[in-house]
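Subject: Structure handover

Hello,

Here is the structure you asked about, with the sequence. My notes on it follow below.

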Amino acid sequence: MPRDLRTVVPILFAIAFIASPFVGSPQISDWLFRVSTLIMLAVSWNLMANAGLISLGHSAFWGVGSYAALLSANAFGLPILASLVVSILFGALLGLFLAVTTGRLRGIFFAISTLALSEGLRITAFMTPDFTGGAVGLFLDQALRPSTTMLYVIGALGAVATVVISYIISISRFHFACRAMRNNEGAAQMLGVNPYRYRLGLLAISGAIASCAGGINAWYGGYLDPEVGFSLHFTILSQIAPILGGIHTLAGPAIGSFAIVAISEGTRIFFGQNEGFSQLIYGLVLVIGILFMPRGIWGALVAGGGWFSRPAKPVTAAPSKVQAEVKP
């Protein structure tokens, strides 16, 4: 793709995505809202995966952000944007806490620790009904609730901002340090990369993004309980979207989010009359897609057509010093 188009097309798509709630039907806006929050969650998970940190408990960030948004709004009468700032702060603090407590845990040990964190927070929410509402849950003060169109726009803005943050990171030293940590943390440390410092920053950013997505979704739903806030469903979606779209890529999480919502709604519309059958088809499509596209949809597009890939530059080897000195 020409360089100019690679810049203009994403900008035009982002503008259309943000403006879609004003021109689309309520059903389409609802689908795009789900895509928006899933993009934020998937990008957040993908950022951690880029550093070799596989999270099985992303619902912890989602749930903490949801509770932070609703509790702060009900207690202090905060509008949605102010409550989302609270969600972002709590998500970043939780990421820092996870980075400090897990130390240098990697692989399956780090993954299990994230799962334990999510389950611990879910049980804590059940055991503190005076604060979180417990199993009864809590409702958003309806006097604070903005219009549905405003919620759609905030969701779309959050998704676009998340992708922009991911792009900025992808062209920074931070990204290459994370890649080095994923490939060989010991070797990266020998090259001057401080894994502990980068892990602190990475988990704080990732946690803040996922918590913001949870806060936006809590405002949209208007109700929250521990099973909703810390559902394993969000952890699974945050992993499937980047894997299906293209893990460790910039576009993969966004493409995977669109694909998952499309597959989910497609199977529900065409097979929803048979209870459980639509979920079976949904799962089969996802499994087949991941099996036959190991690099994800984005990887298949790049491999299938050079239009998406950068034009290869002809490689010309410079004459060596010895060759230059040899005269015919």
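Arginine 122 counts as buried because its relative accessibility is 16%, and the cut-off for buried is under 20%. Please bear in mind that this is a predicted model. Arginine 122 forms a salt bridge with glutamate 119, with the closest N and O atoms 3.0 Å apart. Both residues sit in helix α5, three residues apart, which is about one turn of the helix. Glutamate 119 is partly exposed, at 34% relative accessible area.

Aspartate 225 does have polar partners. Its side chain makes a polar contact with the side chain of tyrosine 223 at 3.2 Å, and a polar atom of that aspartate 225 side chain lies 2.8 Å from the backbone nitrogen of valine 228. Aspartate 225 is in the loop between β2 (223-224) and α11 (226-229). Beyond its neighbours within four places in sequence, aspartate 225 is in contact with Tyr67, Gly134, Ala135 and Gly137.

The whole structure has five salt bridges. One of them joins glutamate 185 and arginine 106, at 2.6 Å from N to O. Glutamate 185 is in helix α9 (residues 185-190) and arginine 106 is in the loop between α4 (80-102) and α5 (107-127), so this pair ties together parts that are 79 residues apart in sequence. Glutamate 185 is buried at 9% relative accessible area, whereas arginine 106 is partly exposed at 24%.

Another salt bridge is between arginine 268 and glutamate 265, also given as 2.6 Å from N to O. These two lie three residues apart in helix α13 (residues 252-271). Glutamate 265 is buried at 7%, and arginine 268 is partly exposed at 44%. Salt bridges link Arg34, Glu265 and Arg268 in a network.

On cysteines: the structure holds zero disulfides. Cysteine 178 is buried at 4% relative accessibility, and cysteine 212 is buried at 12%.

For the overall picture, the protein has 16 helices and two strands. Of its 328 residues, 44% are buried. Its accessible surface is about 17,000 Å², with 71% of that belonging to carbon and sulfur atoms. Among contacts between residues at least 6 apart in sequence, 79% join residues at least 24 apart.

Regards

Note on methods:
Residues numbered from 1 in each chain as written. Predicted model: local features only at pLDDT ≥ 70, side-chain atom pairs only at ≥ 80, totals over all residues. Heavy atoms only, no water. Helix = DSSP H or I, 4+ residues; strand = E, 2+ residues; numbered from the N terminus. Polar contact = N/O pair within 3.5 Å; in protein donor to acceptor, adjacent residues only side chain to side chain. Contact = heavy atoms within 4.5 Å. Buried < 20%, exposed > 50% of the residue type's maximum accessible area, 1.4 Å probe, protein only. Areas by Shrake-Rupley, 256 points an atom, 1.4 Å probe, with all protein chains shown as cover. Disulfide = S-S within 2.5 Å. Salt bridge = Lys/Arg side-chain N within 4 Å of Asp/Glu carboxyl O.
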